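Please open the model in your viewer and keep the sequence panel beside it.

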Amino acid sequence: MCNFVHLNLDNSDTMSEDQKNVYLSALFAGAAAALAVDSTLFPLDTLTTRLQSARGFFKTGGFKHVYKGIGPQTIGSAPEAALFFLTYESFKYYVEPRVDSDVLPLVYMTAATAGEIVSCLIGAPVEVVKQRRQTSTNIKHTSMRIFMHAVKSEGLIKGLYRGYGSMLIQEIPFSLIQFPVLEYLKKVYRVSFKNDVPLDSWDVANCGAVAAAFAAMATTPLDVAKTRVMLADKKFATDTIKTVLKQIYYEKGFKGLFAGFTPRVMLTTIGAYVFFGTYDLSKNFCNDYLLNPDPTVNW
């Protein structure tokens, strides 16, 4: 095991510079991609949340005020995505060159799992506040009031992290599907259509959209359960994912488990296209012009 992760520390100055580039480009590109998605696709996210709410679509706002909750989402999504890709890209950087190609899917799955565990520390509180804002019909329920009420009535951990476990249960399977498929599609696309030259950003966007669509289809029931847990009254806040899934099936059958399926898959597919395209473009920009600028170019 020690040999598996052992690093060659020769030429430490170069390694240190490479490490810095990996960290900074992942942080920059992850934040930029998250902001790009939030600014364009937030209304679809609101509609999906309302469709999955136990109170029903129209009682939680229907098609009105679809940008409610964008404040906490914008504040939280950039650092959340930045932390995810910092973890994901760092893990790949250290491990990918040191393993056989046969185990690369396992590397991507492990990297994605680690990324979700770290990023959800920011994502869970943001999701709680955002979804309660999206489903509130009281105009006085601002994001700050919802945040303070959750902390005051349920405590910091129980109030803001009640959905952390359910979020991980939904996000980790999603990433376990998405990222190995993404890396596989990128490899096949590069070899089959690009003569083994680096992919353009729109090529990466296409691969990301396809991978995300598959992941969204498979994990919709977990997303429905996560939404129910985060929106539940205090007395139901401790319900497990298994309990919530059984309750949904008992109330609405198989259809209830896939509530919001169409907008969720649409949102995820389009969002992944924007996200991974922006991520790759921002990462290349960061590496080529910010971290390693061409001295011959005048700015």
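Begin by selecting Asp38, which is buried, with a relative accessible area of 8% (buried means under 20% relative accessible area, exposed over 50% and partly exposed in between, with a 1.4 Å probe and protein chains only). This is a predicted model, in which local features need pLDDT of at least 70 and side-chain atom pairs count only at pLDDT 80 or more, while totals for chains, interfaces and linings use all residues. Residues are numbered from 1 along each chain as its sequence is written, and side-chain values use heavy atoms, with hydrogens and water left out.

Asp38 sits in helix α2, where helices (H or I, at least four residues) are DSSP runs numbered from the N terminus. Show its surroundings next: not counting residues up to four places away in sequence, Asp38 touches Ile70, Gln73, Thr74 and Ser77, contact being heavy atoms within 4.5 Å.

On a 1 Å grid over the protein atoms alone, a cavity is a set of points where a 1.4 Å probe fits but cannot get out, whereas a pocket is an open set with protein on both sides within 12 Å along at least five of seven lines, and lining residues have an atom within 4 Å of a point. The count is one cavity of 30 Å³ or more, and about 960 Å³ of space lies in the largest cavity, a volume being the space filled by probe spheres set on the points, which are joined across faces, edges and corners. Helix α2 gives the most to this lining, with nine residues. The lining divides into 16 nonpolar, 13 polar and ten charged residues, where Ala, Val, Leu, Ile, Met, Phe, Trp, Tyr, Cys and Pro count as nonpolar, Asp, Glu, Lys and Arg as charged, and the others, Gly among them, as polar.

**The second largest pocket**

Move on to Lys92, Glu183, Lys186, Lys187 and Arg190, which are the closest to the centre of the second largest pocket out of its 28 lining residues. About 660 Å³ of space lies in this pocket, and its lining has 15 nonpolar, three polar and ten charged residues. The largest share, nine residues, comes from α7.

Colour α7 (164–193) by itself: its end C-alpha atoms are 41 Å apart, which agrees with the 44 Å that its 30 residues should span at 1.5 Å a residue (the expected span is 1.5 Å times one less than the number of residues). Just after α7, Asn195 takes a positive phi of about 55 degrees.

**The cores**

Select Phe85, Tyr88, Phe179, Phe275 and Phe276, which have the most contacts inside the largest nonpolar core, a group of 33 residues. Such a core is a set of buried Ala, Val, Leu, Ile, Met, Phe, Trp, Tyr and Cys residues joined through side-chain atoms within 4.5 Å. Apart from it lies another core, of nine residues, among them Val224, Ile241, Val244 and Leu257.

**Last stop**

Finish at Arg132 in helix α4, which is buried, with a relative accessible area of 15%. Leaving aside neighbours within four places in sequence, Arg132 is in contact with residues including Ile146, Glu154, Arg162 and Met230.

Methods. Helix = DSSP H or I, 4+ residues; strand = E, 2+ residues; numbered from the N terminus.
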